[in-house]
Amino acid sequence: MIELKNVKKYFHPRRGIFSSDGDSVKAVDGVSFTVPRGKTFGLVGESGCGKSTIAKLIVGILEPDSGEIKCQGNTDIVFQDPFSSLNPRMTIGDIVGEPLFISGQKRNEIKAGVKRMLSVVKLRSAECIDKYPHQFSGGERQRIAIARSLVRKPHILVLDEPVSSLDVSIQAGILNLLKDIQEEMYLTYVFITHDLRVAEFMSDAMGVMKEGTLVEVASPREIYSSPKDGYTRQLLDSIPKL
Amino acid sequence: MNRRITFGITIIIILALVAIFASFVATHDPLELDLSLEGRLQGPSPEHFFGTDNLGRDVFSRMVYGTRISLSVGFIAVFISMVIGLFLGGVSGYFGGWVDSLIMRIVEVMYCFPTFFLIMMVITFLGANIVNVMVVIGLTSWAGLCRLVRAEFLTLRERDFVHSAKVQGVSDMRIIFRHILPNAMAPVYVSATLSVGGAILVESALSFLGLGVQVPTPSWGNILTAGKNYIDYAWWLTFFPGVAILITVLSFNLIGEGLREKLDPKLSESR
């Protein structure tokens with residue numbers, strides 16, 4: 001499970017001799033939520049509202065200025081852009097196997113682990129293992145990134161807009177895959193997206209973010225049927241009606 | 001392959017072979033004197049391809065041996081500057097903070113010196129020989145490379161695959177050498193290739209001024225020096241080493257430019 005208590009993160013413009021002090025940006029300004037084990041918390045909001053900062057805080061890329069973040073078990077992350085999240089100079093086998101390699105496992109153990117993970121994300125390992133990222137499509141790359149994030153057997157997975165850069169036709173495949181994996185490995189997800197429909201599909205509970213704060217936390221059904229906050233209503237209205 | 005690269009590499013390979021097999025390529029002993037009146041300052045002939053100098057030595061053979069000096073100075077000096085530039089630039093860009101400030105101030109100081117005069121001064125103190133020339137050129141020419149590497153590291157360390165490695169507990173050293181450095185090398189190769197030409201020019205200039213390779217050991221630079229007093233009536237003494245320097249530097253520049261074009265992400269189709 002994950003617990004965030006009144007987490008704050010401000011970014012301060014760098015002070016130099018030749019620049020005056022600017023105002024700090026309140027990227028995350030007092031956010032609290034709890035995600036029980038095995039559940040998905042969907043975090044929605046427009047770009048620049050601090051969603052990705054929360055992702056980075058949970059996995060420890062950034063340190064909070066104040067507040068508390070409690071995570072039970074390993075955390076890992078899947079990024080939005082599968083073109084910049086895979087090292088272009090490493091083979092798929094090396095990318096997925098790196099956490100195993102640095103933990104000192106033997107070569108055949110690493111290979112077996114990599115194969116297992118690639119089969120979890122439904123890629124044929126024999127065809128992938130010696131190839132480089134540029135030889136794959138966006139959807140395949142995102143599967144590789146998911147395989148890498150799972151290889152350390154994390155309990156918590158932060159998904160930072162994992163389907164936003166993919167074609168709509170591929171999105172559903174990845175989303176269903178993530179649901180299957182969650183069930184199989186009993187994972188806790190923090191699913192960040194700006195797409196309300198994707199959030200509704202994935203989440204057990206949803207949080208709506210605006211300018212660094214959570215304006216509403218509720219189940220997807222509640223959010224859709226009776227949004228309490230004006231901003232949530234605004235977001236709902238902006239969904240194109242088909 | 002790019003035509004410029006092909007041309008440049010062909011020339012460099014030929015020169016490298018000449019340097020390695022100098023004793024087979026040279027037609028005469030480069031140090032053998034012929035002080036007789038008819039032996040000195042002979043024009044190019046089938047016996048002496050590039051003529052003879054004021055001491056009756058065969059210029060072609062001296063230049064063949066001089067190739068060794070020029071190429072080894074070029075490569076070794078650039079190797080030294082690459083090692084320093086990569087290390088300091090990498091540390092600077094990756095760790096940032098006060099380390100970065102310190103290294104960048106040193107780089108700025110390096111930029112403030114007129115490098116060539118700095119090299120001349122150091123050589124004057126340490127003594128003029130080939131090893132000192134290589135080391136000193138290397139030690140004074142890393143600043144540009146350092147900045148280049150730092151800039152690459154600054155952008156690469158914010159890439160998601162580096163974040164991901166950090167999340168997974170990969171050590172700083174492994175991130176630097178396995179994740180960032182291989183992706184930062186393209187502009188480094190370009191810059192290094194271009195600097196080889198520059199280093200060869202500096203060596204020639206130093207030898208020309210008598211601060212490089214000492215006579216009687218031949219280098220293109222000191223053959224030029226010896227020839228400058230006879231330029232009115234023995235053109236071959238300055239012409240051939242000058243052309244050799246020109247072609248060599250040009251080849252390295254062509255390779256560098258070709259590489260730049262090839263490795264530029266805007267021009268290459270696969271990202």
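B:Ile13 sits in helix H1 of chain B; helices here are DSSP runs of type H or I with at least four residues, numbered from the N terminus. In this predicted model, B:Ile13 counts as partly exposed because its relative accessibility is 46% (buried is under 20% relative accessible area, exposed over 50%, partly exposed in between, with a 1.4 Å probe and protein chains only).

H1(B) gives the most to the patch, with 4 residues.

## Inside the cores

The largest nonpolar core has 56 residues, and B:Ile137 and B:Phe153 touch the most other members. Helix H9 of chain B (residues 172–208) gives the most to this core, with 13 residues. A core is a set of buried Ala, Val, Leu, Ile, Met, Phe, Trp, Tyr and Cys residues joined through side-chain atoms within 4.5 Å.

Another core, of 37 residues, lies apart from it and includes A:Leu86 and A:Val163.

## How the model is read

Local features need pLDDT of at least 70, and side-chain atom pairs count only at pLDDT 80 or more, while totals for chains, interfaces and linings use all residues. Residues are numbered from 1 along each chain as its sequence is written, chains are lettered from A and ligands numbered from 1 in the order in which they are written, and side-chain values use heavy atoms, leaving out hydrogens and water.

Methods: Helices (H or I, at least four residues) and strands (E, at least two) are DSSP runs, numbered from the N terminus.
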